[in-house]
Amino acid sequence: MAIDADTVRRVAKLAHIRQPQDRLEPLAAELSEILAWIEQLNEVDVTEVEPMTSAVAFPLPMREDIVTDGGDAGVVLANAPLARDGFFVVPKVVE
Amino acid sequence: MNDLTSLTLKEALDGLAGRRFSSVEITRAHLAAIAAARELNAFVLETPDKALAMAEACDARIAAGDAGPLEGAPLGIKDLFCTNGVRSTAGSRILGDFIPPYESTVTANLWRDGAVMLGKLNMDEFAMGSSNETSAFGPVVNPWKSRGSNRSLSPGGSSGGSAAAVAADMVLGATATDTGGSIRQPASLTGTVGVKPTYGRCSRWGVVAFASSLDQAGPLAKTVEDAAILLASMSGHDPKDSTSLPVEVPDFRHSVGRSVKGLRVGVPKEYRVDPMPPAIEALWTRGVEWLKDAGCEVVEVSLPHTRYALPAYYIIAPAEASSNLARYDGMRYGLRVDGATLDEVYDRTREEGFGPEVKRRILIGTYVLSAGYYDAYYLRALKVRRRIADDFTRAFETVDALITPTAPSAAFGLGDSAADPVAMYLNDIFTVTVNLAGLPAISVPGALDDAGLPLGLQVIGRTLDESTMFSLAGVLEKAAAFRAKPQKWWIR
């Protein structure tokens, strides 16, 4: 399925990656080429095949729902681009 | 004194244990080798002060008779592993000067066993690439050159820094990661040994995530035995990674050198691609002969869905990546580019922070997961993944392991295939099936091609049967007697 510039704009918005106007057409061409190559998967008969969601058949372990770590805001904030009074600083989202 | 950097890890550990040299001495020798090879761009961060401090502590433990299995051995760490207090970038601008306040489990296991960290190794951005050219720090240069040519070659990727550092004797061994071939393909292109263990052998905790259902850590090393020693230390159950397997770790070292007489090894007929470079075909044939000489029975097997592995991978891996990389939002760590609104900060930060290949994969992943396409692409790819895994299950009913080439070519020139994403993706044609099926595999250097460049053979084992894989790899290594080393042209 070919992807057009509008689809690239929509997907880029979903992915939160700004794409300059002049990149939309070239990206549409690149992604279309990749997807055309992927289309060969349609040749495979997958009726009654269970999707494979984990690499090794092993049950996921359960554990007690208890706090095992945390309580160190200073460490958590150490790499923040902006932090104040023990909080991350983010752009204003509510007027 | 012999050059301590020319030793294998095993030889170095024996020398350290026998007090023939100290950890500080062998660490200094490697730091000097790193400083002399900066042209290769294998390291993104050298940590000489930390290395020497760790080496001194190792020497004290050796003197006290308290040495661990890797005591005093200097290693390089792929920059995908978070290292406490040491900048970790995943080869991306978006992590900026991120300094993790924690240590990845795999590296913590290495330090527990006495290893010394020389620094952090270059890689494709977020491990997305097969040539090391997507790194924000620029490409790594392969220590190998074609005979009679001065052209810079790619060491492969994504663990190109790890492979180049091992091949150039800058480290005794290195950590690496493999999502579609990122340990084995660079091993093949640099004449080194690379292991991707069974999914779940090594903890993923503290390893920057690319595609979580495919990512596995493993070693790059000079010999099969060295790789076995490193993997034994790196492996082990970790409650902090729910997919880490709660199983015993065998001492893989004992598998190397063990007889393989009576083992049945399969040659998958679908791995004969068109066109197959004659040198790779010839090496594969020789590999089969080497195994027969060692008493193996070699039979042809069929893995009918092989050709669908790469297309399935290029849905599954980008889908998981688009989700994993959503965390880079400019709020909690790494790069932040200001904007008028919250959305604008997100959009600009991610535009500037990610390189073109990472953006491409995030866009593909977002597209295949978006409403209306999920079933047609993502769900179908997961079903094809099952069929690929079932192919292996059926093959392993009649054989104990498989032998294949590792990569479809020897090292290629930097810049050769960067313009064509699909051509670059085809580098992983022989390696990616194993990631989809969660199996262990190793690449062993087998021969030089006509241009004097190394080529690798791959052995694929059953789930959790690294032991048989190591035994077969040991036989191939011994029969191949691969002793070639790159000319150290960077030392003038």
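Author: Helices are DSSP runs of H or I with at least four residues, strands are runs of E with at least two, and both are numbered from the N terminus. This is a predicted model in which local features need pLDDT of at least 70 and side-chain atom pairs count only at pLDDT 80 or more, while totals for chains, interfaces and linings use all residues. Residues are numbered from 1 along each chain as its sequence is written, and chains are lettered from A and ligands numbered from 1 in the order in which they are written.

Reader: In what order do the elements of chain A run?

Author: Chain A has three helices and two strands. Reading from the N terminus on, their order is α-α-α-β-β.

Reader: What is the radius of gyration of chain A?

Author: The radius of gyration is taken over C-alpha atoms, and the globule rule is 2.2 Å times the number of residues to the power 0.38. For 95 residues the rule gives 12 Å, and chain A is well over that, so it is more spread out than a compact globule. Along its principal axes, the C-alpha trace spans about 55 × 45 × 25 Å. The radius of gyration of chain A is 22 Å.

Reader: Which helix gives the largest share of the side of chain A that touches chain B?

Author: Two residues are in contact if their C-beta atoms, placed from the backbone, lie within 7 Å, and 37 residues of chain A are in contact with 53 residues of chain B. Helix 1 (5–14) and helix 2 (21–38) of chain A each supply at least two residues of that side of chain A. The largest share, six residues, comes from helix 2 of chain A.

Reader: How many residues of helix 2 of chain A are there, and what span does the helix reach?

Author: The expected span of a helix is 1.5 Å times one less than its number of residues. Helix 2 of chain A is close to its expected 26 Å, with 18 residues and a reach, from first C-alpha to last, of 26 Å.

Reader: Which residues are buried in helix 2 of chain A?

Author: A residue is buried if 20 or more other C-beta atoms lie within 10 Å of its own, exposed if 12 or fewer, and partly exposed in between, with C-beta atoms placed from the backbone. In helix 2 of chain A, the buried residues pack against helix 1 of chain A together with helix 9, helix 11 and helix 13 (421–425) of chain B. They are Leu27(A), Glu30(A), Leu31(A), Ile34(A), Leu35(A) and Ile38(A).

Reader: Are helix 2 of chain A and helix 9 of chain B parallel or oblique to each other?

Author: Axes are lines fitted to C-alpha atoms, for helices over the stretch in contact, and angles run from 0 to 180 degrees between N-to-C directions. Angles under 35 degrees count as roughly parallel, over 145 as roughly antiparallel, 65 to 115 as roughly perpendicular and the rest as oblique. These two axes come within 9 Å and cross at roughly 130 degrees. Helix 2 of chain A and helix 9 of chain B are therefore oblique.

Reader: Which residues of helix 9 of chain B meet helix 2 of chain A?

Author: From helix 2 of chain A come Ile34(A), Trp37(A) and Ile38(A). Their partners in helix 9 of chain B are Pro311(B), Tyr314(B) and Ile315(B).

Reader: How are helix 9 of chain B and helix 11 of chain B placed to each other?

Author: Helix 9 (residues 309–324) and helix 11 (residues 356–369) of chain B pack with their axes 7 Å apart, at an angle of about 95 degrees. The two helices of chain B are therefore roughly perpendicular.

Reader: Is Glu48(A) buried or exposed?

Author: Glu48(A) is in the loop between helix 2 and helix 3 (73–77) of chain A, and has a positive phi of about 60 degrees although it is not a glycine. With 6 C-beta neighbours inside 10 Å, Glu48(A) counts as exposed.

Reader: And is Ala90(B) buried or exposed?

Author: Ala90(B), though not a glycine, has a positive phi of about 60 degrees. Its place is the loop between strand 2 (74–78) and helix 4 (105–112) of chain B. With 30 other C-beta atoms within 10 Å, Ala90(B) is buried.
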